[in-house]
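Hello,

Here is the structure for you to look through. Please open it first, then read my notes below.

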Amino acid sequence: MSEIAKTYTPKEIEAKWQEQWLENKAFKAVVDPVKDPFCIMIPPPNVTGILHIGHVLNNTLQDVFIRRARMEGKSALWLPGTDHAGIATQTKVERILREEEGKTKYDLGREAFLERVWAFREENGGVILKQLQKLGTSCDWDRTSFTLDPHYAKAVLRSFVTLYQRGYIYRGKRMVNWCPKSQTALSDEEVIMKEQSGFFYKMRYELVEPVTDPDGSLRTHLFISTTRPETIMGDTAVAVNPKDERYSHLIGKKVYRPFPKAEIPIIADEAVDLEFGTGCLKVTPAHDRVDFEIGQRHNLPILDVLNSDGTLNELAGEEFKGMDRFEARKVAAAKLEELGLLIEKQPYTNNVGFSERADVAIEPRLSEQWFLRYPKVEAAKDVVRQGLIQFHPKRWEKTYLHWLENIQDWCISRQLWWGHRIPVWYRKGIDRSELDYANPEHIHVSVEGPADPENWEQDEDVLDTWASSNLWPFANLGWPDFSDEKRKEFEYWFPTSVLVTGFDIIFFWVARMIMSALELVGDDAESLTMDTLAKRIPFKHVYINNLIRDELGRKMSKSLGNSPDPLDMIDHYGADGLRFGILSIAPKGSDILFSESRIEIGRNFCNKLWNACRFRQMSGPIEGNANLSKILFRINPAQMDLYDHWILSRLAQTTESIASGFAQMELHGLTQDLYSFFWGDFCDWYVEASKSKLRNEELKGTCLAIQDLVIRQFLQLAHPVIPHITEELWNLLEYKQEDSAYIHDVPVPSADELRQTFQTQGIVLDEQAAVQADKIKDFISRTRALKAEYNLGTRRDVTFFCNASGSEKTVLEASREVVLRLLGAESLEFVSEAPEGAPACVTALGTAYLNLAGSIDVEAEKDRLNKELEKLRKAIASAQGKLSNKTFTEKAPAAVVEGVQNQMNQNLEKVAELESLLKAL
């Protein structure tokens with residue numbers, strides 16, 4: 001038997017087990033018809049990404065689920081992989097190319113540029129997976145997938161072709177979100193809104209012919225407000241609401257566009273808000289979604305005055321040509337002022353859409369793109385409403401269903417080179433504007449491409465990254481090309497068991513995976529019943545983890561300097577300490593306020609576990625720990641006292657509570673269950689209460705066997721959360737079985753199985769004894785607190801009185817030695833009447849009284865309490881003065897006033913407590 005070292009060294013132990021797990025392929029998943037399957041597909045991180053604290057939480061949760069499944073006797077697959085991250089990866093390589101060589105991708109050409117990206121991926125692509133291994137993640141690493149791997153890429157192309165053939169994918173010219181920096185279209189979900197400070201420009205558009213208003217005055221112009229004067233050059237109309245009496249007589253008239261000067265009509269459209277601005281809207285169909293829709297209804301011409309990079313083109317006029325859009329805004333405003341058309345310029349704050357990846361303001365732009373009309377939308381709602389797919393917490397179902405009720409067609413094409421190139425070819429010699437998409441002589445759509453490629457040219461665009469990752473649950477299991485072996489695997493693992501992900505990609509990813517699976521998995525001709533849908537869903541459960549914020553509630557970001565490096569934390573606290581700590585601050589359904597002190601709790605807990613197991617090893621020989629039956633054989637039921645019954649009862653209860661949490665997908669109480677049982681019940685109470693038995697050779701064997709039993713079960717319960725230290729202690733305490741290489745190979749007994757196994761060895765838990773032990777624990781806890789009130793916490797020469805009688809007295813009498821030792825008291829005497837003036841506390845075994853005589857210097861204690869009372873009364877008087885001052889209560893922030901009131905109330909309570917203590921003295 002190896003000796004447990006005095007000091008726990010997580011760095012060495014974790015590195016040791018990570019290496020062994022990887023070398024021995026400890027987490028290889030196999031199809032085993034005898035076992036139930038449990039499958040998780042890792043949300044693929046960006047291939048060039050690095051580990052952040054959000055990854056730590058998400059992957060720790062997945063690892064907890066998968067390790068627990070193994071220990072429940074299931075065959076478990078956790079499939080890892082990475083996403084090619086089209087925009088993010090291409091942007092990085094373009095930046096490197098620009099900074100190091102002064103070149104653009106166009107200087108290299110498409111093929112050479114893609115070779116550079118692949119080289120970049122080979123050099124940097126595995127970093128985040130290696131970092132996840134340092135966290136202790138138990139993936140089947142031989143199955144690592146990448147969204148541009150040949151098998152996966154083929155599945156992506158097959159999905160495009162299938163959806164195109166079924167009429168879901170089409171080519172169209174529509175308003176899209178355009179990123180001028182990346183020069184690609186973006187979906188609505190890739191745009192984040194940011195509050196921006198700018199100006200509201202009020203300007204004058206002159207009427208071509210003056211008009212007499214209803215009041216008889218002559219009108220020569222209209223007032224129009226805008227935040228974007230740089231788009232004036234694309235105006236093709238001015239719109240008013242037909243119900244607006246101020247302007248109804250002007251409908252059909254014309255005004256002059258300021259520059260380039262041109263006549264444009266005044267039209268009526270109900271989209272115009274009567275209350276916003278002046279009630280007149282400049283209509284720029286090429287540069288605003290609402291304006292585009294108005295233009296479509298009124299057949300307005302479309303003038304696109306912006307280039308793809310956000311500069312203005314020749315349609316904006318010679319003086320603006322080539323100018324950046326934001327510079328053009330200033331120049332256009334100055335020109336309006338120069339022409340006498342700018343009335344006022346007011347500061348204005350509004351929300352502007354930004355590219356999530358490039359972090360630049362997007363442009364609404366009319367562009368010809370590929371769009372997907374979402375399939376199986378109603379079925380995607382039904383599988384959640386009917387409970388085939390369950391969200392945890394359940395409230396996220398509403399978010400999911402709301403999005404499906406308001407779904408828009410998805411722009412799936414991107415103007416990038418890195419990604420899955422769209423499998424569409426156009427016949428050479430036919431102008432793109434003249435293509436007939438229904439004519440196979442004009443357009444070819446297939447996975448393999450046309451048989452005569454020399455006569456065709458492929459579409460330049462690639463698919464949106466999300467249009468490939470939405471196949472993740474089933475493309476990784478062999479779809480669409482199944483060999484017999486792959487078909488067997490697919491039918492075993494699919495649908496997968498649980499998806500663990502953030503709430504922010506319910507739209508991006510979760511809903512799209514569900515719709516894609518419902519459409520593409522299975523026979524398209526079969527009727528959609530609940531039974532057939534149950535076989536098509538990509539996962540049965542969606543576990544939503546929330547956002548991690550700092551202690552001030554701010555989102556973690558490098559710019560704020562509030563985002564800790566997980567690798568530094570692993571180095572300092574250990575991977576197990578980090579895992580335990582991060583789970584302990586992950587409440588159900590709420591954002592997580594990160595605190596490094598809670599991570600320290602994780603490390604301290606691991607130290608406590610290590611030291612407790614070392615104490616067990618030092619207390620006596622390890623004999624027959626190889627399986628549960630051998631340990632139970634060492635227990636003599638006749639020697640078990642109430643503390644033995646109590647700890648085994650608590651062990652069964654904790655086992656039950658943890659199993660219930662996993663069954664209900666509620667892990668918010670997991671670390672608390674582990675912590676309170678092991679540190680509180682076992683270490684602080686049972687081990688301390690049992691020390692006298694360790695000095696009794698007759699009782700020692702049973703006591704050690706019960707400790708071995710508890711530690712064995714606890715290591716199995718805690719293993720999913722802190723895998724390295726539990727694996728190490730499992731071996732050091734000789735729990736390892738000959739036919740089981742690792743702790744996860746041994747199923748964890750359920751609470752019922754524990755109780756049944758106890759009974760087979762003649763151990764019938766005395767629940768009444770366990771209740772009595774709980775009462776003794778309550779007695780000791782409350783009397784300890786009473787000692788502490790009088791600064792006697794470290795004194796062991798105090799005397800307590802207690803008015804217990806009958807069965808309560810019997811319980812205390814029987815446990816007198818344990819009670820006095822754990823309480824830290826010299827004597828416990830029973831009385832029928834309360835001693836006069838003695839401070840007291842009510843316990844589960846009667847009222848206990850602290851005898852202060854001889855325990856403290858009464859006069860010194862009185863003096864101390866009076867000084868503290870004086871300070872408190874001064875603070876109360878100060879607070880009362882502030883709260884009676886109207887200037888303070890009316891002008892100070894409400895939070896400040898409330899804080900003063902709360903502090904005063906707390907001080908009043910303290911005064912009452914101290915006065916009670918003085919009276920007792």
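**What was found**

Strand β7 gives the most to the lining of the second largest pocket, with eight residues. Helices (H or I, at least four residues) and strands (E, at least two) are DSSP runs, numbered from the N terminus. This is a predicted model, where local features need pLDDT of at least 70, side-chain atom pairs count only at pLDDT 80 or more, and totals for chains, interfaces and linings use all residues. Residues are numbered from 1 along each chain as its sequence is written, and side-chain values use heavy atoms, with hydrogens and water left out.

**The pocket**

The second largest pocket holds about 1500 Å³ of space. Of its 48 lining residues, Thr227, Arg228, Asp288, Asn350 and Val352 are the closest to the centre. Elements giving two or more residues to this lining include β8 (218-226), α8 (289-298) and β13 (342-355). By class, the lining has 19 nonpolar, 16 polar and 13 charged residues. Ala, Val, Leu, Ile, Met, Phe, Trp, Tyr, Cys and Pro count as nonpolar, Asp, Glu, Lys and Arg as charged, and the others, Gly among them, as polar.

Some terms: on a 1 Å grid over the protein atoms alone, a pocket is an open set of points with protein on both sides within 12 Å along at least five of seven lines. A cavity is a set of points where a 1.4 Å probe fits but cannot get out. Lining residues have an atom within 4 Å of a point. Grid points are joined across faces, edges and corners, and a volume is the space filled by probe spheres set on the points.

**The cavities**

There are six cavities of 30 Å³ or more. Helix α7 (residues 150-165) gives the most to its lining, with three residues. That lining divides into nine nonpolar, three polar and no charged residues. Among them are Phe160, Trp410 and Asn470.

**Backbone points**

Most residues other than glycine have a negative phi, and most peptide bonds are trans. Which residues does a cis peptide bond with omega of about -5 degrees join? They are histidine 392 and proline 393. Proline 393 is found in the loop between β15 (390-392) and α11 (396-405). The bond from tryptophan 479 to proline 480 is also cis, with omega near 5 degrees. Asparagine 299 has a positive phi, near 55 degrees. Asparagine 299 lies in the loop between α8 and α9.

Best wishes
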